[in-house]
Amino acid sequence: MKKVIMGNHALSWGAQLGRAQVIAAYPITPQTQVVELLSEMCASGALDAKFIKVESEHSAMAACIGASLAGARTFTATSAQGLTLMHELLHWASGGRNPVVMGNINRAMAPGWSIWTDQNDSLSQRDTGWIQFYCSSNQEVLDTVIQAFRVSEALLIPSMVILDAFALSHTYEVVDIPDQDKVDSYLPPFNPPLRLTPSDPHAFGGLTSPEHYFELRYKLQKDMEKVPALIEETGREYERMFGRYLGQVEDYRCEDADIILISSGTAGYTARVAVDELRQEGIKAGNLRIKVFRPFPFEKVRQILARAKKVAVVDRNISYGHHGIFFQEVKSALYGYDHNLPIFGFITGLGGRDVTPATFREIAHHALAEDKAAEDIIWVGVKR
Amino acid sequence: MKSEAPLKEKKEKKMKLSLPAEELMHSGNLACQGCGAGLAMRYVLKALGQKTALCIPACCWSVIDGPFPYSTLDVPIFHCAFETAAASAAGLKAGLEMVGDTETTVVAWAGDGGTFDIGIQALSGAAERNDDILYICYDNEAYMNTGIQRSSATPYGAWTTTTPVKHFKNRPKKDIDAIMAAHRIPYQATASIGYPEDLYKKAKKAKDVKGTRFLHIYAPCPTGWKARPEDTVKFARMVVQNCIFPLYEVEFGEKYTLNIKPREKKPVDEYLRLQGRFHHLKEDHIKIMQEEVDRAWERLLRRAEAQ
């Protein structure tokens with residue numbers, strides 16, 4: 001069934017098709033339509049779930065973790081201030097191996113108050129042990145929620161499905177809504193190996209001495225390392241069943257590219273338009289959109305960049321005192337592999353300033369005009 | 001020499017047990033000597049039985065239960081984040097119901113810091129929604145697990161490591177029971193480990209009520225109060241007799257029932273004298289405390305008698 005829906009509703013549809021059993025959420029602009037539609041889905045019986053309308057994002061995540069521990073499939077959604085309020089609980093979810101799936105609408109952090117997009121909210125949750133998917137279309141949002149339940153529950157690692165404020169959250173697109181039967185056969189019910197129940201009483205998360213703690217974290221990383229292969233496997237299976245491949249990255253016209261733009265989120269879509277325009281100018285450009293940020297797709301990035309002569313990483317975020325965050329990650333992926341590839345780091349579009357095809361063309365021309373980057377951060381569109 | 005009188009034939013007598021003999025809490029736990037919180041758990045579990053799940057935030061009980069992979073309790077425990085006892089319990093209850101377990105009593109088991117202070121938002125949220133959980137606060141009147149720092153449950157006049165003698169706590173204890181009553185929850189009660197039968201009865205009653213239930217249990221901490229471990233039960237009885245911690249129930253925020261009305265209301269002095277945390281107090285301070293206790297007691301009597 002094809003429907004014209006907004007990005008936020010794509011999250012709700014994903015949660016419904018994924019048969020989330022417990023939802024706990026708190027409203028925040030620009031996420032509100034996610035929970036509004038989910039409330040309606042629960043009220044109408046279309047979704048058989050308990051919806052706990054909590055008093056904060058902090059309690060939202062706490063309730064999801066509690067429900068997940070009981071063996072229920074859980075979903076929530078938030079944005080920016082709400083996500084960062086959850087920060088402590090993000091560690092509880094991953095450390096407790098509770099595979100919560102959460103939508104996050106990328107919104108710039110206050111102060112000053114901003115409701116517009118950039119990625120600093122979710123990227124500052126980088127080290128919390130969550131899988132992070134950055135989506136570029138409403139279809140991808142819906143499909144990824146379903147895949148995220150599958151991957152998260154198989155490895156007991158929580159997932160964040162991320163989309164840009166307004167540029168995607170409030171943008172309407174045609175979305176193919178898969179049949180429930182087919183989704184059910186793709187996504188089996190959640191059946192964790194251990195759950196909290198009085199019939200087999202255990203203490204979860206108790207005081208853990210240096211004798212044991214280290215190994216628990218080692219195991220989390222070892223399972224995180226299994227995520228890339230599982231995303232490939234489940235992404236191919238999704239393609240066979242639904243006709244859409246869900247991978248870690250998306251490369252566009254990179255095969256013969258002299259310059260590869262690296263992007264994420266909706267900017268990743270915009271970059272494709274810029275690539276076509278640059279090609280019309282006679283510039284061999286390509287775009288590598290990074291969809292999965294954690295675990296970082298090292299192998300895919302190395303493979304695709306092996307063919308490039310220059311790389312321009314476009315960040316809609318910043319690590320103060322360092323560089324753009326994707327820029328850091330790409331450099332670390334290439335360290336020891338290719339010392340000669342010139343990599344340029346661009347920062348643009350903070351706080352929702354537009355990132356257009358012209359922005360990407362300007363970035364490509366800048367990188368092509370110089371042998372190597374003169375500065376670690378090349379600011380695009382900033383008023384100085 | 002006197003010859004010994006022949007022994008009278010004795011009738012076999014058995015101790016009358018007012019609480020079930022079955023234990024869900026075992027020895028080997030890490031409670032301090034004279035720990036009131038340990039007794040509170042032991043009595044409550046006797047009332048709730050095996051079909052119980054606990055959410056325990058950071059508090060003495062996160063240590064008392066024992067380190068991973070051990071547990072002193074025969075019921076499952078989720079050791080949750082400090083400020084999330086109520087929300088974690090609400091989520092756990094919803095999750096259990098969705099996987100087909102509608103019977104388990106889900107308990108949030110928190111100290112006074114996790115209840116009066118850092119956890120009050122989540123508690124208020126759950127109570128307003130009337131989430132189907134039993135919230136139990138064992139109150140030892142300070143952050144004892146971290147080493148005796150003041151909480152908003154610390155009484156006026158008390159020394160703690162963050163309210164040194166020269167700057168002892170100069171504000172009264174927060175009235176958490178009035179706050180909970182303002183949420184109009186179906187059942188709430190105060191209880192003391194010095195009155196185990198009353199505590200047992202209330203836990204049992206709370207178990208069978210649907211919606212948010214709140215038990216506030218007075219649980220002395222000799223370590224933090226600079227008192228003798230053998231006086232724990234004594235303190236827990238004295239506070240009821242001197243009306244510092246009256247035992248009562250409230251239904252739907254309106255119907256107050258006073259459970260124990262002392263025949264003769266004792267002054268607070270003796271209770272204070274037995275605890276190092278109050279040793280610095282002068283007559284004037286004790287007078288302030290007595291007046292505060294009297295006012296609260298009168299208020300409670302009015303509420304209970306207005307029924």
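Let me begin with a convention: two residues are in contact if their C-beta atoms, placed from the backbone, lie within 7 Å. Angles here run from 0 to 180 degrees between N-to-C directions. Please also keep in mind that this is a predicted model.

With that in hand, consider helix 13 of chain A, residues 325–334, which lies across strand 11, strand 12, strand 14 and strand 15 (343–348) of chain A. Helix 13 runs at about 145° to strand 14 of chain A.

What is the order of the strands in the open sheet of chain A? The sheet has 6 strands in the order 10-12-11-14-15-16, and the pairing is mixed. Its edge strands are strand 10 (249–252) and strand 16 (378–380) of chain A, each of which pairs on one side only. On average, and ignoring direction, neighbouring strands of this sheet are turned by 25° against each other. Strand 10 of chain A runs antiparallel to strand 12 (residues 285–290) of chain A, and 4 bridges join the two. Within that pairing, Val249(A) stands opposite Ile290(A). Helix 11 of chain A, residues 266–280, also packs on the sheet, touching strand 10, strand 11 (259–263), strand 12 and strand 14 (310–315) of chain A. The direction of helix 11 makes about 170° with that of strand 12 of chain A.

I turn next to the domains of chain A. The assignment gives domain 1 (2–241) and domain 2 (250–380), and 28 Å separate their centres, taken over C-alpha atoms. The contact between them takes 26 residues from domain 1 and 22 residues from domain 2.

Now to the two chains. How many residues does each chain bring to the contact? Chain A gives 38 residues and chain B gives 40 residues. On the side of chain A that touches chain B, helix 3 of chain A supplies the largest share, 10 residues. By class, this side of chain A has 20 nonpolar, 14 polar and 4 charged residues. The chains also pair through strands: strand 9 of chain A and strand 2 (residues 77–79) of chain B are parallel over 2 bridges. There, Phe204(A) stands opposite Phe78(B).

Finally, helix 5 of chain B, residues 120–129, has as its buried residues Ala122(B), Leu123(B), Gly125(B), Ala126(B) and Ala127(B). Their cover includes helix 3 (57–69) of chain A, together with elements of chain B, among them helix 3 (85–98) and strand 4 (134–139). Just after helix 5 of chain B, Asn130(B) takes a positive phi of about 60°.

Key
Residues numbered from 1 in each chain as written. Chains lettered and ligands numbered in written order. Predicted model: local features only at pLDDT ≥ 70, side-chain atom pairs only at ≥ 80, totals over all residues. Buried ≥ 20, exposed ≤ 12 C-beta atoms within 10 Å, placed from the backbone. Nonpolar A, V, L, I, M, F, W, Y, C, P; charged D, E, K, R; others polar. Pairing = 2+ DSSP bridges. Domains from an automatic or database assignment.
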